[in-house]
Amino acid sequence: MEHVQAQVKRTDTTRWRLRDNDSRHTWHYLDNDAAAKDWPQSYADKYYLGLPLDLPNLGRATSSLGAVENTLTFLEKLQLPSGHWGCESGGPMTFCAGIVIAWYVTETAIPDHVATELQAYLAARVNPQVGGWGIHTTGDSNICGTTLNYIVMRIAGMSPDHPILIRAREFVHSQGVALYSSCWGKVWMAILGIVDWDIVHPMPAELWLLPDWMPFHPRRFFAEIRLPGQSMSYLYSKRWRCKETDLIRSLRKELLAQPYGDIDWKRHRTTVAKEDYKQHRSWLADGVSWAYVNIWKLYLLPKSMKSRAEAWLSELIDVQASNTYHGGIAATDQPLSTIVSFFRDGTNSVSLAKYVDKLQEFLWMTGDGLQINSTNGSQSWDTAFIVQGICAAGLHRDEHWREMCVKALQFFEKQQIRQDCPEQEKYYRQQRKGCWAFSNKYQGYAVSDCTAEAIKAVIKLQTTVHYPVLLEEERIFDSVDSIILYQNSTGGVSAFEARQGSTYLELLNPSEIFAELMVEYDFPECTSSCVTALALFREHWPHYRTRDIENFIQRGVRWIKSDQRADGSWYGFWAICFTYGTMFGLEALAAVGETYGTSSAARAACDFLISKQREDGGWSESIQGCEHKRYIEDPRGSLIVQTAWALIALMAGEYPAVEPIKRGVQFLMTRQQNNGEWLEEAIPGAFHRFCSFSYPNYKFSFTIRALGNFATRYPEEKIPAQA
C-alpha cells in the first residue's frame, strides 16, 4: 500500500484545518505561511491527519477507572468547539464517485489540493493484489467499485497511463468490462454518458403517481433507497446525461471493450459480474422490468402521465432539499439532487449554489488523503455514547470533567430537531420534533436510536447535581412522543421511520449489492436503544404517558426475545455483528430486570458470549459474519471494540463469574497507549450485510463504558499489573 501511495503526489498535511461551524464540518487548505500561522492546527486536526500529537506519557493505568481517566485526558483535546467529537464516516467506496461526478457534471472546479488528496486516498485503498477497489474499504475488488473509483481518478486528473489506472483497467477488462457493473455503477455511468440509459434497470417515475394506499407505492420504501430513488427516477425518465467531453469519450474507450455505438445496451441490463452480484434479483423484479421496458414504456405510457410524474418528483426533491438544508440524507441522494438542480435550474441558480456548497460537508481529510464520507458525520451518535461512557464511570460528577460534559450537553441542546417537516404526511415524512439525527439538526432526518441514545445522555447529565437544565421537560417529552412512533406492529423498532411496507417488497430490490434494503426492518439495536431510553425516562417522569411507555417497553422486550437466535445471540444489522447485537439484546432485557439469574434468554446470551471469549481475554468478530449470518472470528485476533461490547453485555446481564470479565478488562487495558488513546483496528461497523462503516470513535466510547461499568460494579476488584 505504501508503495502504491508513493506513486501519487501529496499536499503538505500541516496546512489542512477542520472548521467546526455549529457541528458542520468543512476542511480547508491554507496555501501560505501567514494564513497557517494565523490559524494553527488543533490537536483534533493533527489527530485526524495522523500527525504527531506530542502528548505527555500518562503512564499505564493501574485500574479500570484510571484507564477511563487517561482516555478522557486524551479525548478532551479532541472535543470540537461546538461540544461534540468528530470523525470520518467512511467505509463505503462507491459514494466518493457521486460527489466527484456531481462536481464534474455541474462544471464545478475541483481545486488542485482536493484533486491531489482524492488521488492519494484512493491510491491507499487500491487492492495491491488485483489493482481494483471494492464497494467498501475491506471488501473484495469488483467491477462497480473499480469502475467508479477509476472514473474519480480520471476526473481528478490522473492519466490513464498511470500504473495505478493501468492495473485497475486490466482488472475491469478481466472481469467483463464496465458493462458488468452492478446497478449503482451503471446509473452513474449513464449520467456521465459513458453508457446508455438502456443498460439501467427501469426506475419508473410513474410509480410515484400511484395512490398512496397501494402496497408497492415508493413511499413505503426504506428512506435510504426512496430518497436517491427520487432523483434517479427523475433522471431516468428524462434520460439526462451530461454533455459529451473528451474525457467522456476517452473513458468509453478505456472502460468498454468495443465501440459505444456497437453495444447492445438492453442485453447488458442484467449482466453483472460475480463479485458485484451480492444480492440477486428476483424473477419478479426481472419480469416487471421486462414488461415496463418492452410494453408499458414502448406502447402504453401517456406523455401527460410522464410529465406529471416528473413534476411530482421535482417537487419531492425540492422539499427534501428544504428539510435537509440541501444536504440530503447521505452521500447517496445529495449528489444526485445536485445534478437534478443543475439540469433543471441552470448553472447560475440559487438552488445549485446551495447544493454545491453542501457537498463540502461530505469531505474528510485523513492521513491517507481526502475521503468522501457516507454522511455529513456521526456527531450526535458518537457524542451520546462518549457521554454515556463518562457517566458509566461516574466521572461526570467529577468537577474536572464537568466542563467537557457541559459542552456536550450544550451540543445536544443546539442539535435537537425542534420542528416537524411542513406537510409531512403529503411528503412522506414521519414526526421528528424532539429528535436527533445521526449527525446534526441540519441533516434533518431523525433516527430512532440516535434520538434514544441522545436523550439518555441528556437525562443522565441534567439529573446530576451542578449541571444546567438546558432542555426543559417539554423538549424531553417531545423526544419520547417521537420515539414511541417508531415501534412497529411486531413490537420491534425501525431506524428512520416506522415500517410502511411489506418485506415482500424485497422482491423488487434492484441494487444487486445490498440486502434487506427495500423497507424498514425491526432492528435489535434500535429496539433496545428505545426500550432502555424509555425505561430511564420513566424513572424520572413516572406519570407521563405511563401506559403507553409500559406497553412500548413490554412489546419491545417481547420482540427482542422473539428475535434471539437458538445459540443465544442476536444478529446486529448496523455493526459487526453478533457481539454488537447481543450487547443491545442484553441491555434491553436488563431494563426490565431480566438478567442471568432470572431469565433464560439473558442466560443463553451470556453463555454465548462466554463461549466466544479468546485465550487473551478478548473477543474477535469479522465482517464476514454479517454476510454469512454466522459468527466468524476476525483473523487479526482479539479486537478492542468487540471486547468492549461483550463486556458491556455481560455486565448488563449480571453474569455471575467475575473472572472472564476481569480478563476482558485486562485485555483492554493492555491495548491502551501511554497517552490514553486506543489505536485503530478492524472496522467495527456494517450495514445491509455487505458493506462496512468505519465508526472510529467506537474505540473510545465503548471502551470507556466497559471500563467504567467495571469500575462502578466491581470497585473492590483489582486488575493484575500489566506486563
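A: **Helix H18 and its setting**

In this predicted model, helix H18 is largely enclosed by the rest of the structure, because 14 of its 15 residues are buried. Buried here means under 20% relative accessible area. The helix runs over residues 448–462. Its length can be checked: at 1.5 Å a residue, H18 should span 21 Å, and its end C-alpha atoms are 21 Å apart, which agrees.

The wider setting comes next. The protein is divided into domain 1 (1–61), domain 2 (93–372) and domain 3 (379–714). An unreviewed UniProt entry carries the annotation "domain: Squalene cyclase C-terminal" for residues 380–710. That span is 49% helix and 2% strand, and its end C-alpha atoms lie 25 Å apart.

Domain 3 meets domain 2. Taken over C-alpha atoms, the centres of the two domains are separated by 32 Å. Contact between them involves 43 residues of domain 2 and 38 residues of domain 3. The size of an interface is often given as the accessible area lost when the parts come together. For domain 2 and domain 3 this buried area is about 3700 Å², with carbon and sulfur atoms giving 61% of it. On the domain 2 side, Phe222, Gln279 and Asn323 lose the most area to domain 3, together 19% of what that side buries.

Charged pairs also occur here: 4 salt bridges are found across the interface of domain 2 and domain 3. Elsewhere in the description of charged pairs, Arg281 forms a salt bridge with Glu512, with the closest N and O atoms 2.7 Å apart.

With 1% relative accessibility, Glu512 counts as buried, because the cut-off is under 20%. Its backbone has a positive phi of about 70 degrees, although Glu512 is not a glycine. Most residues other than glycine have a negative phi.

Glu107 also has a positive phi, of about 60 degrees, and is not a glycine. Glu107 lies in the loop between helix H5 (95–105) and helix H6 (112–125). At 48% relative accessibility, Glu107 counts as partly exposed, whereas Glu512 counts as buried.

Technical notes:
Residues numbered from 1 in each chain as written. Predicted model: local features only at pLDDT ≥ 70, side-chain atom pairs only at ≥ 80, totals over all residues. Heavy atoms only, no water. Helix = DSSP H or I, 4+ residues; strand = E, 2+ residues; numbered from the N terminus. Expected span 1.5 Å × (residues − 1). Buried < 20%, exposed > 50% of the residue type's maximum accessible area, 1.4 Å probe, protein only. UniProt positions renumbered as here; feature names shortened; annotations may be inferred. Domains from an automatic or database assignment. Contact = heavy atoms within 4.5 Å. Buried area = accessible area lost by both parts, 1.4 Å probe. Salt bridge = Lys/Arg side-chain N within 4 Å of Asp/Glu carboxyl O.
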